[in-house]
Amino acid sequence: MEDKITLAHGSGGVQTNELINSIFKKHFDNPYLTADDAAVLDIEKTVKESDSNLKLTNKVSMSTDGFIVSPFEFPGGNIGKLSICGTVNDIACMGAKPEYLTCAMVIEEGFPVAKLDEIAAAMAKTAKEAGVYLVAGDTKVAGKGQVDQIFITTTGFGHIFEGVSTSGAFAKPGDKIIVTGDIGRHGCTILLERNDFKIDADITSDCAPLNKNIETMLEATKDVHVIRDATRGGVGTVLYEIAGESNVGISLNYESIPVNDGVKGVCGMLGLEPLYLACEGRLVIFAPASEAEKIVEALKGQPNSEGACIIGEVTEENPGKVVVETAVGAKTMLSRPSGELLPRIC
């Protein structure tokens, strides 16, 4: 195997076969992985043999997501780990159990094979952690300069749990708003890794699959209205999206929003708002007040959500708006950012 990706690796010939066998099959091998152009899956069997304590329905959630993060590796993960987490979390947020993924890679000519091996290994490790199978894929090699090193697209689906129905349009006045931990770490990590500002801070991305956190929460209560992962645009953008979809107001207690000290410091120096920095391992949850503490306690018992807490509530006032209450009791409208705050963070 050569040490750099060449155009021949995308030609469909001997080198392509060598790449598939030496990297992708090595890391992704499972009973469902196919050598054909499409996987054939027994969906009814999957429902019957689910290992979940919750009953699955025949309805499915399906999602696809592209990943172009720059740099492609960062403290806490790389584009491979991110590509699994992103799609797994999108499916899980619809109240589903992620089960199968497909993957498409576009790789720049000259990309180091050793780095591709690391990316595939991260994907396999994260898929195993999430309990999902990579069942099919595609590889294309672009000429030098036609793509920035490596782009990945993953598509996946999973069956929805019985009795669960979530949507950004389901938020109701009186709902409590929960986040599953400190916010803004992924965006801040990417910003620092680019080293544009020469800031030295020990911050690691929160990138993680969260389907098992969601499943644990749903075992405690299925009375959950909205589940979203706060990726591009961060928690602030998610809250504005939900306020608009549900035509409700949102009131936040700014002091209760958890932010890592390092992230606070960087935001203070650069004038950034942590609410608008991306997360890749944090959920925003809307649920009735009667269920909120139960949800927080269930989440605190799981890795990647130990810092779960209530940060606000849904109101009838100011529909479509997010209002923040400061430490001194003043209330102000959370301003919405314009333009691209930080491009290519996922």
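## Strands and the open sheet

Two strands pair if DSSP finds at least two bridges between them. Strands are DSSP runs of E, at least two residues long, and helices are runs of H or I of at least four, both numbered from the N terminus. This is a predicted model: local features need pLDDT of at least 70, side-chain atom pairs count only at pLDDT 80 or more, and totals for chains, interfaces and linings use all residues. Numbering starts from 1 along each chain as its sequence is written, and side-chain values use heavy atoms, without hydrogens or water.

Strand 4 (residues 96-108) runs antiparallel to strand 6 (residues 150-161), with 11 bridges between them. Val-106 has Phe-151 of strand 6 as its bridge partner. An open sheet of four strands takes the order 1-6-4-5, and its pairing is mixed. Strand 1 (56-67) and strand 5 (133-142) are the edges; each has a single partner strand, so one side of each lacks a neighbour in the sheet.

## Aromatic pairs

Rings of Phe, Tyr and Trp (its six-membered ring) pair if their centres lie within 6.5 Å; planes under 30 degrees apart are stacked, over 60 edge-to-face, the rest tilted. The count is six aromatic pairs. In one of them, the ring centres of Tyr-32 and Tyr-100 are 5.3 Å apart and the planes stand at 75°, so the pair is edge-to-face. Tyr-32 sits in the loop between helix 1 (14-28) and helix 2 (43-48) and Tyr-100 in strand 4, so the pair ties together parts 68 residues apart in sequence.

Burial is set by relative accessible area: buried under 20%, exposed over 50%, partly exposed in between (1.4 Å probe, protein chains only). Tyr-100 is buried at 4%. Tyr-32 is partly exposed at 31%. Ring pairs link Tyr-32, Tyr-100, Tyr-133 and Phe-157 into a cluster.

## Backbone exceptions

Most residues other than glycine have a negative phi, and most peptide bonds are trans. Ser-70 and Pro-71 are joined by a cis peptide bond, with omega about 5°. Pro-71 lies in the loop between strand 1 and strand 2 (73-74).

Asn-247 has a positive phi, near 55°. Its place is the loop between helix 7 (234-246) and strand 9 (249-253). Asn-247 is exposed, with a relative accessible area of 57%. Asn-318 also has a positive phi, about 55°. Asn-318 lies in the loop between strand 11 (309-315) and strand 12 (322-325). At 38% relative accessibility, Asn-318 is partly exposed.
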